Amino acid sequence: MSWNPSTYNQFKEERFLPFYDLLSLLDIKPDQKVLDLGCGTGELTRKLADALPGSTALGIDSSAEMLEDATAFAGDSVKFEQQNIQDITERGEHWDIIFSNAAIQWVDGHEDLLPEIIRQLHPNGQLLIQMPAQQHNLSNKLLNELAAQEPYRSALSGWIRKSPVLDIEQYARILFENGGTSINVFEKVYPLVLPDPEALFTWVSGTALIPYKERLHGEIQQQFIADYKLLLERHFTGSPVFYAFRRILMKATF
Ligand SMILES: C[S@@+](CC[C@H](N)C(=O)[O-])C[C@H]1O[C@@H](n2cnc3c(N)ncnc32)[C@H](O)[C@@H]1O
């Protein structure tokens, strides 16, 4: 997927808040070997490493565009590599902490993915994950509803981005069944207060809209964007616009 770091960075403050909440769940220990899955522009990988004295962190991400920005945050203790999250078992490495902020919602098959990630932890290793609760978020639902309507349904050959995100009970069960202790899984609303629906559109265009823009080109892409903006205007009226954006946070020790 082609990510645009500058569009993504437009909402830094809003996007950093859940990161700090996730970080607050971490048991701070020195000299940890840390893996950050879907590190993006690397700014938060650096903050994570800085919170753990004497530790080293590796950020992996599939996007060359995002990783280009990450070079600014690299150093002796923080490195970045281009790699898919679903390929981490190929590294044959183990980690004290595996962390992932707002990334694994892009990888399918969480019932299998989480156990695979957990197997890459050292004994007493910590897993911390944050992702949007896409199945409950209206901006995602509206995108998929629009994509299922003509003419987009035909243009996309019936494709819609089915969210792999599960409910919190299911994540808690997966963590438990794979040996997790001190399990903490919860959903939290992050209120988004934006000047107007156009700003909400910009928020979505930094993430969930990307796979649709990649599959629709030219006039039909413009029409899809215009129709999506209309839907947002219909559902988010007035100024400012308030959007109760739901996210899932989880932490467990293994
Ligand atoms: C919303 S950004 C989050 C970036 C960073 N963790 C942060 O919180 O700022 C999602 C990131 O996940 C990456 N990503 C998506 N699918 C991926 C995959 N299958 N493997 C590795 N990275 C992936 C994207 O390239 C993007 O940089």
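Student: Which helix is E68 in?
Tutor: E68 belongs to helix α4, residues 64-70. Keep in mind that this is a predicted model.

Student: How exposed is E68?
Tutor: E68 is partly exposed, because 13 other C-beta atoms lie within 10 Å; the partly exposed class sits between the cut-offs of 12 or fewer for exposed and 20 or more for buried.

Student: What about the overall dimensions, what box do the C-alpha atoms fill?
Tutor: Along the principal axes the box is roughly 50 × 40 × 35 Å.

Student: How many helices and strands?
Tutor: There are 11 helices and seven strands. Buried residues account for 35% of the 254 residues. Of the contacts between residues at least 6 apart in sequence, 74% join residues at least 24 apart.

Student: On to helix α5. Which of its residues are buried?
Tutor: In α5, residues 110-118, the buried ones are H110, L114 and I117. Viewed down the axis of α5, they fall within an arc of 65°, so they line one face of the helix.

Student: Why would that spacing put residues on one side?
Tutor: An α-helix has 3.6 residues a turn, so residues three or four places apart point the same way.

Student: What does the face turned away from the buried side of α5 carry?
Tutor: That face has the exposed residues E111 and D112.

Student: And what covers the buried residues of α5?
Tutor: The cover includes β4 (95-101), β5 (121-132) and α8 (168-177).

Student: Now the largest nonpolar core. Which members touch the most others?
Tutor: V34, I98, L127 and M250 do, in a core of 44 residues. Strand β5 supplies the largest share of this core, five residues. There is also a second, separate core of 14 residues, which includes A208, L232, V241 and Y243.

Student: What does I98 touch?
Tutor: Leaving out residues up to four places away in sequence, I98 touches L35, L37, I117, Q120, L121 and L127. One of these, I117, is also among the buried residues of α5.

Student: And L121, buried or exposed?
Tutor: L121 counts as buried, because it has 21 C-beta neighbours inside 10 Å. The residue is in strand β5. Its contacts, again not counting residues up to four places away in sequence, are H94, W95, I98, L127 and F254. The C-alpha atoms of L121 and E93 are separated by 8.6 Å, although the two are 28 residues apart along the chain.

Student: Changing topic: the ligand. How many residues surround it, and which are closest?
Tutor: The shell has 20 residues, and the closest are G38, G40, S63, A103 and W106. By class, 10 of the shell residues are nonpolar, eight polar and two charged.

Student: What phi does N124 have?
Tutor: N124 has a positive phi of about 70° although it is not a glycine. Its place is in strand β5. N124 is exposed, because it has 11 other C-beta atoms within 10 Å.

Student: And what about phi at S182?
Tutor: S182, also not a glycine, has a positive phi of about 45°. S182 sits in strand β6, residues 181-194, and is exposed, with 12 other C-beta atoms within 10 Å.

Note on methods:
Residues are numbered from 1 along each chain as its sequence is written. This is a predicted model: local features need pLDDT of at least 70, side-chain atom pairs count only at pLDDT 80 or more; totals for chains, interfaces and linings use all residues. Helices (H or I, at least four residues) and strands (E, at least two) are DSSP runs, numbered from the N terminus. The arc is that of the directions from the helix axis to the C-beta atoms. Two residues are in contact if their C-beta atoms, placed from the backbone, lie within 7 Å. A nonpolar core is a set of buried Ala, Val, Leu, Ile, Met, Phe, Trp, Tyr and Cys residues joined through C-beta atoms within 7 Å. A residue is near a molecule or strand if its C-beta atom, placed from the backbone, lies within 6 Å of it. Ala, Val, Leu, Ile, Met, Phe, Trp, Tyr, Cys and Pro count as nonpolar, Asp, Glu, Lys and Arg as charged, and the others, Gly among them, as polar.
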